[in-house]
Amino acid sequence: MKLTIERSTLLKALGHVQSVVERRNTIPILSNVKLEARDAGLALSATDLDLAIVETVTADVQVDGAITAPAHTLYDIIRKLPDGAQVELSQTPGDVQMTLRSGRSRFALPCLPVEDFPNLGAGEATHTFTLAASELQTLIDRTKFAISTEETRYYLNGIYLHAATSSGVPVLRAVATDGHRLARVEVPLPEGAAEMPGVIVPRKAVTELRKLIDEGALDVTIALSETKVRFSFGHGGTLTSKLIDGTFPDYERVIPQDNDKILEVDKKLFSDAVDRVSAISTEKSRAIKVAMDQGTVTLSASSPEAGSAVEELECSYAAAALEIGFNSRYLLDIMAQVEGDAARFAMADAASPTVIREVADASAVYVLMPMRV
Amino acid sequence: MGTGAQPQTVLSQTVLPQAGGVQAALCRECLTAWQGGDTGEETGGETRCPACGSRRVLAHPELRSLAIAHVDCDSFYASIEKRDNPALKEKPLLIGGTGPRSVVSTACYLARKYGCRSAMPMYKARELCPQAVILPPDHGKYRRVSAEIHHIFEQYTDLIQPVALDEAYLDLAHRDDIPEVLANIALRVEQEVGISVSIGLSYCKFLAKMASDLNKPRGFSIVGRSEAVAFLAPQPVRAIHGVGPALERKLIEQGFPTVADLQAASPLDLKARFGSMGRHLWHLAHGEDDRPVNTDREAKSISAETTYDVDQSDPEALLATLQALAERVETRLKRADLSASVVQIKLKTPDFRLLTRQARLPDPTQRARQLMRHAEPLLRREATGRAFRLVGLGVDGLGPSQAADPPDLFSL
């Protein structure tokens, strides 16, 4: 294998694949990135056995070939090379080292044979559909914060992606929850997705996927097999991930339909006030009290050590006075995803789930469990 | 009550060898104070109180400039049982269970003459002293007695740090009659509670604790600033606060069997070898310990454990034990009105290797069920058919109970 490639091109591609590689690996080859030079292109792959990313970039390939090299070391070297540098990678078949040359620098990196690199096949696709990258981005951004990190509830450790009907319109829905808050976001159902089974895409895949979207792709093709999902981008990148093998809970049942105490607030004013008042709430509980009465909402927090805070805001609220406690961080996470100017809270009482959404748009719905305050 | 202790041989007071000179002295019996009590060198150990003639005399150049005391009850559990049953007075007494794996909680001083020690396996103690009387511990009673003793402390200072039921640190810096207070505490505990204590007086907690151990029972030992380094030098490293068996082994391997070896080393060398503990060791070896007497009584962790009579390897049986322990921890969390955010399991192998595994809880909890949700996977990972002699469950990251168990959308 012998090729020459622009430093910035290699850096960007390596940046994507190397983040899949775990820092500590018991299986040596998983620390490596696979480099395949062929037809004026270089394909870089990395995997942790649950997730694989392949990215193809243009390179001046003089001799075809393939090898695997330590991902983090390679990334570190490329990162430190000067901007605009040309990088030459070469390896003679059978040699246990790859040579990297750039300017007056020369590195010899230990290699492992490409035959040992695990191939995370996508499996046979049963459903394939294409989605605008911006829509996939919406689905991810507005739900990702609610993904549970609790290992014992592994089936909540991802985004549940499935076809549904919303007010008679077919939609593609993303749902994430950790039991304290839930996010449900939908976009128009793409062609070919109607029959798709509900799948849970793991957190790590979601995080890596989000980075690939940032590269300005227009469309993403999603292929589902029995146990895996593959996202293919126009610019030659693919991400393949195992799906979480579990049953996502019946989330519809926990989204209240009949909450009749309606509060509407200016999103920015409300978020800023919550942020200020939460400076007082304790590190552990993050509790903030929200009291509503005829046109006024009062936010307050107090802690034995930090003192107390109160802030009053105008709002639209006509129901009976209500006092309800929330985790201020959860509240801010949700407010950060509400797009328009006004947010709408639908509440029942201080102990039941509250539904939050944008006043003008019902495509994203958030449910927040109150706290005892 | 205390009368039984009176005819006992008066024990010599530990007064460390001093360069001569005038020193403050105090009689522990009649609390007469005077100047010029000597160390006993010239009079062959016969320093007597000029007022009552007692030989229980405290004499030390720094007697009036030391303020941190460690008060340690002498064979606490055994002394209480002997107090309550005079027939046991002259008999060797062991407090502890009698199962095959029980250990001695406390051995009275008579039993210690046969080599019995606390934390020794009970079967071994019985081999050493077959005639010993064995009583199961009565923790409720010991707690009540401990409270009575604390009540006495409280009449002299608010700065009390209980370490266990039978020991506490006292900070007396605000008083100008410190030796009198301590001598008085010792007398009052004997008279009012009916057991004896040993007292260590120094300028820091670490040396006060070492001092209280120097001359048990009914001891009162003093370690002053000027003698701290010399006093520490010949001690084995395990005498230092925080040096357990593992660190002791490491220290000996690297050529530091005694505190003198640590004193001779540079702080940088110790830091390089033992990390932040190294610096700590250097300071302690030089008698520098600035930990305050901490009156904060809040528990830092709560735990419960069970030792099996026969090693247990069945994962389901281990799990059942863990469940019972989780329930005990739940009861104690609720009683203390606390929540926990970390759960830890502890396993001891038949060759006494200790394994601990912990998990951070997604939300603070008070419930055994939540503790088990996270403890069970930890146990299952270790309980793969191998045997354990002990299993324990503890919680950490304690906080207020209001934060515990936030309601869940899918209410588990």
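I take a polar contact to be a pair of N or O atoms within 3.5 Å, where within protein one must be able to donate a hydrogen and the other to accept it, and residues adjacent in sequence count only if both atoms are side-chain atoms. With that rule I looked up chain B against chain A and found 7 residue pairs in polar contact, both at pLDDT 80 or more.

This is a predicted model, in which local features need pLDDT of at least 70 and side-chain atom pairs count only at pLDDT 80 or more, while totals for chains, interfaces and linings use all residues. Residues are numbered from 1 along each chain as its sequence is written, and side-chain values use heavy atoms, with hydrogens and water left out.

Next I looked up salt bridges (a side-chain nitrogen of Lys or Arg within 4 Å of a carboxyl oxygen of Asp or Glu), and the count between chain B and chain A is 2. Arg153(A) pairs in this way with Asp408(B), the closest N and O atoms being 2.7 Å apart.

For contact I used heavy atoms within 4.5 Å, which puts 18 residues of chain B against 21 residues of chain A. The two chains bury about 1500 Å² between them, 58% of it on carbon and sulfur atoms, where buried area is the accessible area (1.4 Å probe) that two parts lose on being put together, summed over both. On the side of chain B, Pro407(B), Leu409(B) and Phe410(B) lose the most area to chain A, together 48% of what that side buries.

How values were computed
Chains lettered and ligands numbered in written order.
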